[in-house]
Amino acid sequence: MEDIVVESLLSGNRESQIQAAIELSNLTRKQRQKMSEKEIIPPLLSMLQSQDCITTEVALSALLSLAFGSERNKVRIVKSGAVPMLLEILQSETKMVILELAMAFLLILSSCNKNKVKMASTMLVQLLVGLIGLDRLTIQAKVDGIATLQNLSTLHQIVPLVIASGAPYALLQVINVCDKASELADKAAALLENIISHSPESISSISGAIGVLVEAIEEGSPQCKEHAVGILLCICSYDRETNRGMILREGVMPGLLQVSVDGTRRAKEMARELLLLLRDCSGYVIKNKQSKIEIVEQIMREIDQEGERIPGTMLKLVEEMISKLST
C-alpha cells in the first residue's frame with residue numbers, strides 16, 4: 001500500500017495524487033514516517049498551490065498527518081517552502097475548513113524549535129494578529145493562531161515583532177468579546193501576559209485595557225484569572241505612580257481579593273503582591289497593640305479615597321488576606 005501511495009504522489013497525475021493523499025492520511029503513524037523518507041513532501045506542497053479546494057484540503061490533511069509527532073518532518077516541510085504557501089492560503093482562501101487546517105498546520109510546524117526563526121517573518125506575524133481579530137474565523141482557528149504566536153514568542157527576539165504588529169490590542173479585543181472562561185480567553189491572556197512582561201508600556205496606553213482585564217479576573221477560568229492578574233501586576237510594577245489609581249478605579253478589588261484567597265498558587269502570590277502595590281502597605285506595620293481589624297479599616301479608608309468601594313461581603317476576604325500577609 002505504501003509503495004502505491006508514493007508512486008501515485010510522484011506520478012504528477014492530479015487525480016492519482018488526490019487519492020494518494022487521502023490514503024496517506026488514513027495510514028498508521030509508522031507507515032507515514034517510513035513514506036516521508038521517499039520525497040513525497042514536495043508533490044504534496046505543490047498540491048497546495050492548486051486552485052481546486054478539494055486538492056488543497058486533502059494535501060493539507062496529508063501534510064498535517066506527516067508533521068504530527070515528527071520533528072524531522074516538521075523541519076523538512078518548512079525547509080521545502082511550506083510557510084509562504086500557507087500565507088498565500090490564509091490571505092486568499094474563503095473556505096473555512098481550509099483556513100482551519102492551515103492554522104492547525106502552522107501551529108504544529110511552530111512547535112518545533114528549529115522552525116521558529118525561519119517561520120517568524122513580519123508577514124506571518126502580522127497576518128496571524130489580523131486573523132485572530134476576525135469575527136468570521138472559528139474559535140478553534142483563533143485558538144490555533146494565538147498558540148502559534150505563543151510558540152514563536154518563546155524566542156525573545158520575536159516578541160518586539162509581535163508587539164509591533166498590534167498583538168496587545170488584538171488580544172484584548174479577543175478577551176473582551178469571548179467567554180472569559182473559555183480556552184480562547186485562556187490562550188489570549190497567556191500570550192498577552194508573555195508579551196507584556198517584555199513591554200509593559202505597550203498596553204497601558206490602550207483605552208479600556210484595564211477594564212477588560214478586571215472583567216477577566218472576575219469572570220475568567222482559574223488560568224485566565226492568573227494571567228490577567230499577572231498582566232496588571234506587570235503594569236502596576238512598571239509605573240505604579242501612574243497606574244495604581246487607574247487600576248483601582250476600574251473596580252479591581254473584589255475580584256483581586258477573591259483570587260488572593262482561592263486562585264491558583266501562582267495567582268494567589270501575584271494577587272497579594274499586587275494588593276500590596278495598590279494599597280501602599282508600607283505604612284501598615286503590625287504592632288502588638290494594633291488589631292488586624294484596624295489595619296483593615298485603614299486599608300478600606302484608603303481604597304475609598306481612590307474611588308473604590310468594597311462591599312461588606314468582602315470584609316472577611318480582606319481580613320483573611322491581611323492575616324496571611326502578616327504571618
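Biologist: Which helix gives the most to the lining of the largest pocket?

Modeller: A pocket is found on a 1 Å grid over the protein atoms alone, as an open set of points with protein on both sides within 12 Å along at least five of seven lines, and lining residues have an atom within 4 Å of a point. Helices are DSSP runs of H or I with at least four residues, strands are runs of E with at least two, and both are numbered from the N terminus. Here helix 7 gives the most to the lining, with four residues. Helix 5 (53-67) and helix 7 each supply at least two lining residues. This is a predicted model, in which local features need pLDDT of at least 70 and side-chain atom pairs count only at pLDDT 80 or more, while totals for chains, interfaces and linings use all residues. Residues are numbered from 1 along each chain as its sequence is written, and side-chain values use heavy atoms, with hydrogens and water left out.

Biologist: How much space lies in the largest pocket, and into which classes do its lining residues divide?

Modeller: A volume is the space filled by probe spheres set on the grid points, which are joined across faces, edges and corners. For the largest pocket this comes to about 230 Å³. The lining includes L48, D52, C53, M85 and E88. Ala, Val, Leu, Ile, Met, Phe, Trp, Tyr, Cys and Pro count as nonpolar, Asp, Glu, Lys and Arg as charged, and the others, Gly among them, as polar. On that basis the lining has four nonpolar, five polar and three charged residues.

Biologist: How many helices and strands does the chain have, and what share of its residues is buried?

Modeller: The chain has 22 helices and zero strands. Buried means under 20% relative accessible area, exposed over 50%, and partly exposed in between (1.4 Å probe, protein chains only). Of the 327 residues, 53% are buried.

Biologist: Which residues have the most contacts inside the largest nonpolar core?

Modeller: In soluble globular proteins, nonpolar side chains tend to be buried together. A nonpolar core is a set of buried Ala, Val, Leu, Ile, Met, Phe, Trp, Tyr and Cys residues joined through side-chain atoms within 4.5 Å. The largest core has 108 residues, and L192, I195, I203 and L232 have the most contacts inside it. Helix 8 gives the most to this core, with ten residues. Contact means heavy atoms within 4.5 Å. Leaving aside neighbours within four places in sequence, the contacts of I203 include L172, L192 and I235.

Biologist: What covers the buried residues of helix 13?

Modeller: Helix 13 (167-177) has A167, P168, A170, L171, L172, V174 and I175 as its buried residues. Their cover includes helix 10, helix 14 (183-196) and helix 16 (209-219), among others. In helix 10 (residues 122-131), the buried residues include L124, V125 and L128, and helix 13 is in turn part of what covers them.

Biologist: Is G245 buried or exposed?

Modeller: G245, found in helix 18 (residues 240-249), is buried, with a relative accessible area of 11%. The C-alpha atoms of G245 and L278 are separated by 7.9 Å, although the two are 33 residues apart along the chain.

Biologist: What is the phi of E39?

Modeller: Most residues other than glycine have a negative phi. E39 has a positive phi, near 60°, and lies in the loop between helix 3 (29-35) and helix 4 (41-48). At 55% relative accessibility, E39 is exposed.

How values were computed: 1 Å grid on protein atoms, 1.4 Å probe; cavity = no way out; pocket = protein on both sides within 12 Å on 5 of 7 lines; lining within 4 Å.
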